Amino acid sequence: MTTVSAPARFTARRALLVGAALLTLCAALAVLALGLGAVPTPARDVLAALTGGGDALIRQLVLDLRAPRIGVALLCGAMFAASGTI
């Protein structure tokens, strides 16, 4: 009998690199999503609002409305991914 092993090209390093790239992409898309909406907000203003600076209206818009929605969307996506692996 012969045994089947995992492909030689799949390594822990490659999995780590792919995971890091996907996490970076997710963070970049989250910042982009914070700027999209009825009131378009530049990425510079979004980052200023996240760090506590910037205009009060933009800070409230980003922190009180958009960030919780994106957080819930990320958590729901993670739950769907976890349920798909079971």
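In this predicted model, the accessible surface of the protein comes to about 6800 Å². Carbon and sulfur atoms account for 72% of that area. Of the 86 residues in the protein, 13% are buried.

The protein has three helices and zero strands. Read from the N terminus, the order of its elements is α-α-α. Among the contacts in the protein with a separation of 6 or more, 38% join residues 24 or more positions apart.

**How the helices pack**

Two packed helices are described by the angle between their axes and the distance between the axes. The table gives these values for two pairs.

| Helix pair | Angle between axes | Distance between axes |
|---|---|---|
| H1 and H2 | about 100° | 9 Å |
| H2 and H3 | roughly 80° | within 9 Å |

Take H1 and H2, whose axes pack at an angle of about 100°. Angles of 65 to 115 degrees count as roughly perpendicular, so H1 is roughly perpendicular to H2. On the H1 side the contact is made by Val-31, Leu-34 and Gly-35, and on the H2 side by Val-46, Leu-47 and Leu-50. Sorted by class, this contact of H1 with H2 has five nonpolar residues, one polar residue and no charged residues.

The other pair in the table consists of H2 (residues 43-50) and H3 (residues 56-85), with axes that cross at roughly 80°. H2 and H3 are therefore roughly perpendicular to each other. From H2, the residues Asp-45, Val-46, Ala-49 and Leu-50 meet Ile-58, Arg-59, Val-62 and Leu-63 of H3. By class, the contact of H2 with H3 has six nonpolar, no polar and two charged residues.

**The nonpolar core**

In soluble globular proteins, nonpolar side chains tend to be buried together. Which residues make up the largest nonpolar core here? There are seven in all: Ala-30, Leu-34, Val-46, Ala-49, Ile-58, Val-62 and Ile-70. The elements that give two or more residues to this core are helix H1 (12-35), H2 and H3. H3 gives the most, with three residues.

Is Val-46 buried or exposed? Val-46, which is found in helix H2, has a relative accessible area of 0%. Buried means under 20% relative accessible area, so Val-46 is buried. The C-alpha atoms of Val-46 and Leu-61 are separated by 9.5 Å, and these residues are 15 apart along the chain.

Val-39 lies in the loop between H1 and H2. Its relative accessibility is 42%, so Val-39 counts as partly exposed. Leaving out residues up to four places away in sequence, Val-39 touches Leu-61 and Arg-66. Between the C-alpha atoms of Val-39 and Ile-58 the separation is 9.0 Å, with the two residues 19 apart along the chain.

Definitions and conventions:
Residues numbered from 1 in each chain as written. Predicted model: local features only at pLDDT ≥ 70, side-chain atom pairs only at ≥ 80, totals over all residues. Heavy atoms only, no water. Axes fitted to C-alpha atoms, helices over the stretch in contact; angles between N-to-C directions. Helix = DSSP H or I, 4+ residues; strand = E, 2+ residues; numbered from the N terminus. Parallel < 35°, antiparallel > 145°, perpendicular 65-115°, else oblique. Contact = heavy atoms within 4.5 Å. Nonpolar A, V, L, I, M, F, W, Y, C, P; charged D, E, K, R; others polar. Core = buried A, V, L, I, M, F, W, Y, C linked by side-chain atoms within 4.5 Å. Buried < 20%, exposed > 50% of the residue type's maximum accessible area, 1.4 Å probe, protein only. Areas by Shrake-Rupley, 256 points an atom, 1.4 Å probe, with all protein chains shown as cover.
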